[in-house]
Amino acid sequence: MADTTTTATLTARDYNSDIKPIWCPGCGDYSVLLSISKAFAELALAPENIAVISGIGCSSRIPAYTNCYGFHGVHGRALALGTGLKVARPDLTVLVAGGDGDGFSIGGNHFLHACRRNVDLTYLVMDNRVYGMTKGQPSPTTAADWDSALAPGGTGVRPFHPLVIALASGANFVGRGFSGDPNGTARLIVEAINHPGFSFVEVLSPCVTFRPDQREWRKQVHPAAVDETDDAARAARRIMTDDGFNTGILYRGARRPFDTEGLTEIADVAELETEFKL
Amino acid sequence: MSGAHIPDLPHFLAHAHAMEVEAAERYRLFAGQMEVHNNPEVADLFARLAEIEARHAEEILARAGDGGLPHLAPWEFVWSAVESPETAPADCAHYLMTPYHALCAALDGERRACDFYDRIARETEDAAIRRIAEELVEEERGHIAMVSTLLDRHPEPDADWSEDMDPPGALE
């Protein structure tokens, strides 16, 4: 966690910008934004010591809605941006945020390698199992049989399981929250930010426009019946029997984070250019 | 939450204050949503509801006096549901909602708040908590009456109120 320079007590509202979100009313992402703001306030982080990085999609609009530093990057590349920033500025708290399409399809390869690399940042994915911004195409986490106008009869393709992939790829912290429980999700984000290394948090966040069926998630979500573990093998066994609606911390590992101290410091652009001379 | 869960008056006031602040924040959020989605009448209504709740929060803070309120992390509040009782569910908003729907959500929130204070008043063994909880029950009853009066002026809309001739999900 980065040091703070703000001494006055900040409330969740202090982390919000003046820009009003343009998400659909009822969208789960509003509550995720609230959870993030509550987590920052609870950690007493100064906004100028936080960077919120995103890619493309409805949820990736989130940096604009905070008053922290932000970078609304290109599709699927949020983790590459966040990793670079954290390596260059390890003093910052870096929160990378986005959706399931951006993170697991366009940015899927970055996700695997960010887990492997274990740089000390937090990756929060607002998973609504649909491409909402582009009008409802199935995403990597959509069930194979989800029938829609754009995929009649469903894709027939097995959905991507983010927690399994994160765990298998080496993420040092793996958890799941639900937008309908903003206080529980705030706690999860606090724990993720505080834990060293790459922390992955999936937040089930309903898309009320293209997946109105997801309003039922409120009744389906439940706290995991078992406590978190630091044993990856045990976590793997648990996640393989997951119903997709368990919330809480699955795994809190002890892998050493990527060491930024040993990297050569490059002071300016001219010096950087010499590294690329043919 | 029951009266038995509250260790002392400052913790009770911290819960009451958080409940009013969160209700105000939710109404403020809804007001913004309606403004963005060109529903100015409901935006204005939610903004007014937010002001009322914010004022109520300030009054509760004033009761705490110079000692202020104890700090509790968001997940340390002991609510009977995932959010504080007066907070309207985040997913109850719709871009075509009418004042009737907004007032129904507000009425539900006021009733939950009233029940919350009433339960505390009945279950606590602390006389100071009971006295303030009873006062807050009366205040919430006043809010219920106010919202009910407003609701009388806004009859329930037709069943097709959410039908949109140009819906956001249209593919053609």
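Two residues are said to be in contact when they have heavy atoms within 4.5 Å of each other. Keep that in mind as we look around this predicted model.

**A serine in a helix**

Let's start with A:Ser169, which is found in helix H5 (residues 162–169) of chain A. Leaving aside its neighbours within four places in sequence, A:Ser169 is in contact with A:Leu112, A:Cys115 and A:Arg116. A polar atom of the A:Ser169 side chain also lies 2.7 Å from the backbone oxygen of A:Ile165.

Is A:Ser169 buried or exposed? Its relative accessibility is 17%, so A:Ser169 counts as buried, the cut-off being under 20%.

**A valine in a loop**

Now turn to A:Val226, in the loop between strand S7 (222–223) and helix H8 (232–239) of chain A. With a relative accessible area of 44%, A:Val226 is partly exposed. From A:Val226 to A:Asp18 there are 208 residues in sequence, and their C-alpha atoms are 41 Å apart in space.

Here are the two accessibility values together:

| Residue | Relative accessible area | Class |
|---|---|---|
| A:Ser169 | 17% | buried |
| A:Val226 | 44% | partly exposed |

**Where the chains meet**

The size of an interface is often given as the accessible area lost when the parts come together. Between chain B and chain A, the buried area is about 2300 Å², and carbon and sulfur atoms give 59% of it. On the chain B side 28 residues take part, in contact with 27 residues of chain A.

How many salt bridges are there between chain B and chain A? The count is 4. One pair that forms a salt bridge is A:Lys38 with B:Glu22, whose closest N and O atoms are 3.1 Å apart. As for the kinds of residue involved, the side of chain B that touches chain A has 15 nonpolar, 6 polar and 7 charged residues.

**The nonpolar cores**

The largest nonpolar core has 46 residues, and among those with the most contacts inside it are B:Phe12, B:Met34 and B:Leu136. Helices H1 (9–36), H2 (40–64), H3 (99–123) and H4 (127–152) of chain B each supply at least two residues of this core. The largest share, 12 residues, comes from H3(B).

B:Met34 is worth a visit. Beyond its neighbours within four places in sequence, B:Met34 has contacts that include B:Phe46, B:Tyr95 and, from chain A, A:Pro25.

A second, separate core has 30 residues, including A:Tyr15, A:Trp23, A:Ala41 and A:Ala192.

How values were computed
Residues numbered from 1 in each chain as written. Chains lettered and ligands numbered in written order. Predicted model: local features only at pLDDT ≥ 70, side-chain atom pairs only at ≥ 80, totals over all residues. Heavy atoms only, no water. Buried area = accessible area lost by both parts, 1.4 Å probe. Salt bridge = Lys/Arg side-chain N within 4 Å of Asp/Glu carboxyl O. Nonpolar A, V, L, I, M, F, W, Y, C, P; charged D, E, K, R; others polar. Core = buried A, V, L, I, M, F, W, Y, C linked by side-chain atoms within 4.5 Å. Buried < 20%, exposed > 50% of the residue type's maximum accessible area, 1.4 Å probe, protein only. Helix = DSSP H or I, 4+ residues; strand = E, 2+ residues; numbered from the N terminus. Polar contact = N/O pair within 3.5 Å; in protein donor to acceptor, adjacent residues only side chain to side chain.
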